[in-house]
Protein chains: 2
Amino acid sequence: MENFTFYSPTKFVFGKGMESEAGKLVKAFDGSKVLIHFGGGSVVRSGLLDRVKASLDEAGIPHIELGGVKPNPRSGLVYEGIDLCRKEGVDFVLAVGGGSAIDSSKAIAAGAIYDGDFWDFYCGKPIDKALPVGTVLTIAAAGSEGSGDSVITKEDGMFKRGASGEGIRPKFSILNPELTETLPPYQTACGITDIMAHLYERYLTNTKDVEVTDRLIEALLITMKNEGPKAIKNPNDYQARANIMWAGTMAHTNSCGVGRSQDWNSHNIEHELSALYDCAHGAGLAVTMPAVFRYVMDHDKARFTQVAQRVWGVETAEEGIDAFAAFLKSIGMPSTITEFGGKEEDIPTLVKSLCYGDGRDGSISGFVTLNEEDCANIYKAML
Amino acid sequence: MENFTFYSPTKFVFGKGMESEAGKLVKAFDGSKVLIHFGGGSVVRSGLLDRVKASLDEAGIPHIELGGVKPNPRSGLVYEGIDLCRKEGVDFVLAVGGGSAIDSSKAIAAGAIYDGDFWDFYCGKPIDKALPVGTVLTIAAAGSEGSGDSVITKEDGMFKRGASGEGIRPKFSILNPELTETLPPYQTACGITDIMAHLYERYLTNTKDVEVTDRLIEALLITMKNEGPKAIKNPNDYQARANIMWAGTMAHTNSCGVGRSQDWNSHNIEHELSALYDCAHGAGLAVTMPAVFRYVMDHDKARFTQVAQRVWGVETAEEGIDAFAAFLKSIGMPSTITEFGGKEEDIPTLVKSLCYGDGRDGSISGFVTLNEEDCANIYKAML
């Protein structure tokens with residue numbers, strides 16, 4: 001195990017009806033004027049936005065709103081939010097939604113008190129300071145409710161890049177599994193896939209002697225394997241939704257990923273897909289992971305065999321990857337990029353953006369370092 | 001799953017040599033004058049105390065010392081520490097040691113800014129405010145480094161009681177597995193037992209549909225089962241020590257115990273043993289748990305069967321308890337209270353203190369409610 005620091009000072013308030021605590025929580029974390037930031041449609045239609053506003057009103061906290069966050073959230077709306085916060089003297093950003101609303105909120109919170117262009121943070125500058133952020137989570141997926149990370153797509157060039165820092169770690173996150181019951185099965189499945197990707201990215205390590213984190217990751221993978229299909233079959237299965245939601249948060253606070261190198265190549269490879277095709281991140285990951293795993297398996301076959309046996313109940317590394325791919329298909333995820341518009345002729349574009357974007361010099365590194373040829377082979381295997 | 005709040009804002013700094021960060025960490029959490037609180041012997045002899053002092057000196061933070069904490073820490077030293085903090089204007093308490101030094105530090109930190117008798121907190125008053133506490137952990141066991149709990153023994157009557165509150169949750173905890181390499185096998189085994197007890201107390205729940213927390217607890221139990229014996233066999237096995245240390249912290253921050261009822265009857269039954277016989281808490285637990293589990297097994301045999309199969313690799317509930325008892329014996333723990341001076345004629349005293357102490361009215365409640373007769377039967381089974 002390697003040396004590490006683990007710091008997860010987010011207050012998680014979990015359970016039925018907990019969005020009614022939003023006002024009290026904002027107050028407890030010294031918010032006095034709130035920007036509520038969200039996507040649209042369902043948050044409004046379901047009455048959730050009204051309940052959150054009522055809770056803020058009850059706590060005597062003024063609030064303004066900015067909706068319109070899209071999946072793969074864009075820089076344009078972030079600039080708008082930053083201007084709004086400055087103009088209106090906002091001192092707390094409350095995200096209501098999934099990973100996109102939260103990531104966009106984090107970007108706004110960081111940019112609002114930064115003199116330069118917020119995109120600097122998405123080019124490698126750590127986010128030490130930001131307006132405090134809180135979240136009311138509506139999709140178990142991204143884990144952004146418990147992380148110090150954010151991913152934004154810059155509209156000029158459609159670059160999808162991440163930023164990190166303690167400044168944007170949420171002060172509190174309200175996790176009410178009921179709010180996820182209205183998600184369509186496809187979005188539920190995308191969330192399940194994203195959570196499992198966060199676990200596999202941590203599982204694929206080159207660090208030895210990591211029994212405790214191996215076992216914790218496996219525990220969460222098994223949970224997703226068992227509870228995921230229940231939520232797909234019966235969207236109103238509160239208990240399955242609850243198990244998935246806590247697993248999703250635990251998957252990404254990093255308590256199960258400390259002290260070990262991690263991979264994140266699948267995420268990087270996928271980011272190019274959702275940037276170019278605007279596919280759901282989870283759907284892109286469902287196609288990417290089996291292709292990547294098959295490509296890198298021989299680097300540490302024992303590790304792939306271990307997860308095959310402990311999580312999937314099969315014998316060999318190959319069978320474990322097949323079982324995972326079959327699981328993803330069974331919950332309704334795509335198996336090829338063709339299914340969301342991927343084309344062979346785009347591969348050079350994908351590879352170039354992947355291997356040379358974000359300051360990279362022709363390869364991506366993780367569990368295995370992958371050069372342009374490797375990445376092209378992996379994209380081809382996804383057709 | 002039940003509704004819950006999970007809040008673990010302790011900064012964990014883990015790995016080799018990390019005690020050299022103590023000064024920087026105290027400074028980051030606004031400490032300007034520190035009480036270093038510790039047991040004695042080994043912390044001094046090993047040079048750890050000197051290294052911690054050097055780190056504080058380097059950060060320009062004045063410090064005073066109070067040693068002498070004993071296992072099952074006593075109220076007398078707490079009163080002494082409180083007086084010292086007030087007299088010297090201490091604003092940060094730094095525990096260097098195991099659960100006893102940490103729990104005593106927490107009591108001092110709470111009492112130092114409280115007008116009444118600190119024992120009020122150990123009679124049920126929640127600890128909302130205290131001086132900030134940091135820890136340099138030397139024994140993987142109690143989990144106090146990541147909890148808002150403290151257990152102190154009142155010398156007048158030898159009552160062992162717990163207190164809780166967000167005020168005493170450590171601001172930071174330095175976890176250097178190297179520091180545990182000098183522990184004798186018996187103390188290592190006591191720590192392993194205590195960690196496993198924290199896991200079993202959470203595992204024994206009456207809440208249904210808790211897949212995610214069941215799996216997380218099992219992951220940590222398996223880790224202890226696999227790594228514990230390595231540390232007993234080779235005290236200098238850094239990797240085993242590291243896996244145990246993180247498992248011990250994760251076992252007690254409660255991320256694996258949220259949203260479910262918990263037991264804690266074994267801890268309560270054991271507290272009477274260590275109060276009366278001054279046995280090590282872990283040794284008391286090693287005797288208590290199998291006796292309690294056999295007594296309550298029929299309340300939910302499926303649960304005991306589940307842990308037997310998933311953790312111990314055996315078929316039945318009975319075999320699972322036997323396997324756990326055999327494991328505890330194999331690492332050098334006692335199997336009967338007779339081994340540390342327990343006598344049949346003490347049982348009425350133990351039962352009376354257990355069932356009527358701490359404001360109880362003749363029984364203890366947890367996974368199963370146990371009355372005086374039940375408790376007497378359980379103590380008898382431990383002879």
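## Worked exercises on a two-chain model

Between chain A and chain B the number of salt bridges is zero, a salt bridge being a side-chain nitrogen of Lys or Arg within 4 Å of a carboxyl oxygen of Asp or Glu. This is a predicted model, in which local features need pLDDT of at least 70, side-chain atom pairs count only at pLDDT 80 or more, and totals for chains, interfaces and linings use all residues. Residues are numbered from 1 along each chain as its sequence is written, chains are lettered from A in the order in which they are written, and side-chain values use heavy atoms, with hydrogens and water left out.

**Exercise 1.** Describe the contact between chain A and chain B.

Step 1: count the residues. Chain A gives 39 residues and chain B gives 39 residues, where contact means heavy atoms within 4.5 Å.

Step 2: take the area. About 3,400 Å² is buried between the chains, and carbon and sulfur atoms give 62% of that; buried area is the accessible area (1.4 Å probe) that two parts lose on being put together, summed over both.

**Exercise 2.** Which residues touch the most other members of the largest nonpolar core?

Step 1: define the set. A nonpolar core holds buried Ala, Val, Leu, Ile, Met, Phe, Trp, Tyr and Cys residues joined through side-chain atoms within 4.5 Å. Buried means under 20% relative accessible area, exposed over 50%, and partly exposed in between (1.4 Å probe, protein chains only).

Step 2: find the residues. They are W246(A) and W246(B), in a core of 167 residues.

Step 3: list partners. Leaving out residues up to four places away in sequence, W246(A) touches, among others, F12(A), L175(A), F4(B) and V258(B).

**Exercise 3.** Check the length of helix α7 of chain B, and find where α7(B) bends.

Step 1: compare spans. Helices are DSSP runs (H or I, at least four residues), numbered from the N terminus. The expected span is 1.5 Å times one less than the number of residues, so the 23 residues at 211-233 should span 33 Å; the end C-alpha atoms are 34 Å apart, which agrees.

Step 2: locate the bend. α7(B) bends by about 30 degrees at E227(B), and P229(B) follows within four residues. The bend is the angle between axes fitted to the seven residues ending there and the seven starting there.

Step 3: judge the cover. Of the 23 residues, 18 are buried.

**Exercise 4.** Where is W264(B), and what is its phi?

Step 1: W264(B) is in the loop between α8 (238-253) and α9 (265-277) of chain B.

Step 2: read phi. W264(B) has a positive phi of about 75 degrees, although it is not a glycine.

How values were computed: Helices (H or I, at least four residues) and strands (E, at least two) are DSSP runs, numbered from the N terminus.
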